[in-house]
Amino acid sequence: MLIGICLKRFYSVNFLTDVINHFWTGDLPENIQIGLEVTMTGFGNVDFVIADVTGDDEIAEFLSVEL
């Protein structure tokens, strides 16, 4: 059996919260910033980057998400 899912369905729920709750390592992020379609030199594009940004606008940790 083959089940097809339209990727746009992922946008109808807050799946990024689930990603943070299940895959973020260490303490949960305090100041979340989300980037869409981020280009990473030498790697390519990723659909989302979730970053924990400090008060100095530095990225403390980040997680890349590819649908």
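These legends walk through a few close-up views of a predicted model. Residues are numbered from 1 along each chain as its sequence is written, and side-chain values use heavy atoms, with hydrogens and water left out. Because the model is predicted, local features need pLDDT of at least 70 and side-chain atom pairs count only at pLDDT 80 or more, while totals for chains, interfaces and linings use all residues.

**View 1. The whole chain, to get your bearings.** The protein chain has one helix and three strands, and along the sequence they come as α-β-β-β. Helices (H or I, at least four residues) and strands (E, at least two) are DSSP runs, numbered from the N terminus. Of the 67 residues, 24% count as buried, where buried means under 20% relative accessible area, exposed over 50% and partly exposed in between (1.4 Å probe, protein chains only). The accessible surface comes to about 5400 Å², and 55% of that belongs to carbon and sulfur atoms; such areas come from the Shrake-Rupley method with a 1.4 Å probe, and for residues only the protein chains shown count as cover.

**View 2. The three-stranded sheet.** The strands line up as β1-β2-β3 in an open sheet with antiparallel pairing; two strands pair if DSSP finds at least two bridges between them. β1 and β3 (59–65) sit at the edges with a single partner strand each, so one side of each has no neighbour in the sheet. On average, neighbouring strands are turned by 30 degrees against each other, direction ignored. For that angle, axes are lines fitted to C-alpha atoms, for helices over the stretch in contact, and angles run from 0 to 180 degrees between N-to-C directions.

View 3. Strand β1 (residues 32–40) pairs with strand β2 (residues 44–53) over eight bridges, in the antiparallel sense. I32 has D52 in β2 as its bridge partner, and M40 stands opposite G44 in β2. Three residues lie between the strands, and G42 in this hairpin takes a positive phi near 80 degrees.

**View 4. Two rings, one pair.** Rings of Phe, Tyr and Trp (its six-membered ring) pair if their centres lie within 6.5 Å; planes under 30 degrees apart count as stacked, over 60 as edge-to-face and the rest as tilted. By this rule there is one aromatic pair. The ring centres of F15 and F48 are 5.4 Å apart with the planes at 75 degrees, so this pair is edge-to-face. F15 belongs to helix α1 (residues 15–23) and F48 to strand β2, so the pair ties together parts 33 residues apart in sequence. F15 counts as buried at 12% relative accessibility, and F48 does too, at 4%.

**View 5. The largest nonpolar core.** A nonpolar core is a set of buried Ala, Val, Leu, Ile, Met, Phe, Trp, Tyr and Cys residues joined through side-chain atoms within 4.5 Å. The largest one has nine residues: F15, L16, V19, I20, W24, F48, I50, L63 and V65. Leaving out residues up to four places away in sequence, L16 touches I34, F48, I50 and V65; contact means heavy atoms within 4.5 Å.

**View 6. D47 and its surroundings.** D47 has its place in strand β2 and counts as buried at 14% relative accessibility. Beyond residues up to four places away in sequence, D47 touches G35, L36, E37, V65, E66 and L67.
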